[in-house]
Amino acid sequence: MSPRVVLATGRRVLLQLRGDPRTLALLLLVPCVLEALIKWVFEGTPEVFQRVGVPLVGIFPLISMFLVTSIAMLRERTTGTLERLMTMPLAKLDLLAGYGLAFAAMATLQAVLVSFVAVGLLGLEVAGSTPLVVVFAVLNAMLGMALGLFLSAFARTEFQAVQFMPAFLLPQILLCGLLVPRDQMARPLELLSYLLPMTYAYDALSRVAASSTVTAEVWRDAVILIGATALSLALGAATLRRRTA
Amino acid sequence: MAVSDAAISIRDLVVDRGGHRVLGGVSAEVAAGRITGLLGPSGCGKSTLMRSIVGVQIVASGQVDVLGLPAGSPGLRSDVGYVTQAPSVYLDLTARQNLDYFARVLDAPDQRVAESIASVDLADSADRPVGSLSGGQRARVSLATALLSRPRLLVLDEPTVGLDPVLRGELWAGFRHLADAGTTLLVSSHVMDEADRCDDIVLMRDGAILAAKQREQLLAETGADGVEQAFLRLVGAGS
């Protein structure tokens, strides 16, 4: 791995985002607007906002980074820039780490902003530390990026790539415990939820929201999230081929 | 030509794409420090042959050696410049931002960016997003990228498609300048008149090589006045 290439790639990805102010605005503002929407939709039952508000701070970056990465990587494949990079002295890990760096920066910005809006303006209560919420939001963004990178290999067009969101992320949103506590689901679904990474994202953030002590479960969730990210990145790296048919 | 002069050596190369045999046992050599034109109609396998040379093509069998190493070897990654038919650059970045990025990946010195931009005559539009440039300008950004590392071998897939004749002339003068400085160039085209600017000619048709020789020799042997006529005679003789 080469720090020079990683930094150059991260900078290039951020330049591409900066050149697209509308995407940038959507990335940063939409999660804030949705948090506000949830607060006022559950005006009559404020405990719902208190329960899902913090986990959503982390789930938004997961979804947006999944979408941005899968489209960005699909473009690298279809426009031939990936093939060009593969003929150059660049390790696959350099490319992945460069994307990771750029999106970690974006995710931090996104998470800080949405935490500020939710906690500062909308009155969301966090028993644990708010910086820890941001840390988990960044971990989730990394997971979203890694999943997007891997799944983009199976899309030939941007239409298909966009459809992977409802296909792969929506079931996880339904099963992670956000809508219904997992022990109240049909038993097979509860068991299935243990296999889905977003479950651990939700669990970790609700624990941070509910308690000021960082429990062993929070650490375990963090390890599982990082493990799932590493696994998807490894699978994603395997889909980057120097030689193609 | 002697084997030691060959920058590229291809032996019995077979490539299948999408269940079809695109190259059926092709052998050829490309001499170092010269401009070799790879000519033939669209769909004859030129791009596949070039992809095999730069090492991005999965091959069924055969051997391709480039600058003494198997094609696609990690040691070749700074020595071989490759320009695909579609401009492989980031459309949402400017030409300069594209070149800055690729220069860092290639570990090329910073001043190469300005030199490459100047060599393809793009200084005036270097700070506009590539997506807002014309097709010919995009192709030149892609070409400038391949020049960054001062490669010993340049593989150019139809680099002059859609360019006006003045610019085409300038680019070919640039290719000649590079060859004089020792760079080996392999340039594909389906426009036969470009062949008359090459030192050596490889003529392809239907996944096979019809002829691979010095241009003068090809013309003398076929009694043609140009490469187009030589191609027609070779095809006529074969049928």
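## Close-up views of a two-chain predicted model

**Figure 1. The open sheet of chain B.** Four strands of chain B make an open, antiparallel sheet, ordered β2-β1-β4-β5. Because β2 (20-31) and β5 (69-70) of chain B sit at the edges with a single partner strand each, one side of each has no neighbour in the sheet. Two strands count as paired if DSSP finds at least two bridges between them; strands (E, at least two residues) and helices (H or I, at least four) are DSSP runs, numbered from the N terminus. This is a predicted model, in which local features need pLDDT of at least 70 and side-chain atom pairs count only at pLDDT 80 or more, while totals for chains, interfaces and linings use all residues. Residues are numbered from 1 along each chain as its sequence is written, with chains lettered from A and ligands numbered from 1 in the order in which they are written.

**Figure 2. Strands β1 and β4, with a helix across the sheet.** Let's look at β1 (residues 6-17) of chain B, which is joined to β4 (residues 61-66) of chain B by five bridges, the two running antiparallel. Here B:S9 is found opposite B:D65 of β4(B). Helix α1 (residues 46-54) of chain B lies across β1, β2 and β4 of chain B, at about 120 degrees to β1(B). That angle is taken between N-to-C directions, from 0 to 180 degrees, with axes fitted to C-alpha atoms, for helices over the stretch in contact.

**Figure 3. Strand β3 of chain B, covered on both faces.** In β3 (residues 35-39) of chain B, five of five residues are buried, meaning that 20 or more other C-beta atoms lie within 10 Å of a residue's own, with C-beta atoms placed from the backbone. B:I35, B:G37 and B:L39 are on one side, B:T36 and B:L38 on the other. In a regular strand the side chains alternate between the two faces of the sheet. β3(B) runs parallel to β8 (residues 184-189) of chain B, with five bridges between them, and B:T36 stands opposite B:L186. Four bridges also link β3(B) to β9(B), again in parallel, where B:L39 faces B:L203.

Figure 4. B:I201 belongs to β9 (residues 200-205) of chain B. With 26 other C-beta atoms within 10 Å, B:I201 is buried.

**Figure 5. Where chain B meets chain A.** The contact draws 25 residues from chain B and 23 residues from chain A. On the side of chain B that touches chain A, β6 (80-83) and α2 (95-106) of chain B each supply at least two residues, and α2(B) gives the most, with five. That side of chain B has 13 nonpolar, seven polar and five charged residues. Ala, Val, Leu, Ile, Met, Phe, Trp, Tyr, Cys and Pro count as nonpolar, Asp, Glu, Lys and Arg as charged, and the others, Gly among them, as polar.

**Figure 6. The helices of chain A.** Chain A has 10 helices and zero strands. Its C-alpha trace spans about 55 × 40 × 35 Å along the principal axes. Buried residues account for 43% of its 245 residues.

Note on methods. Contact = placed C-beta atoms within 7 Å. Buried ≥ 20, exposed ≤ 12 C-beta atoms within 10 Å, placed from the backbone.
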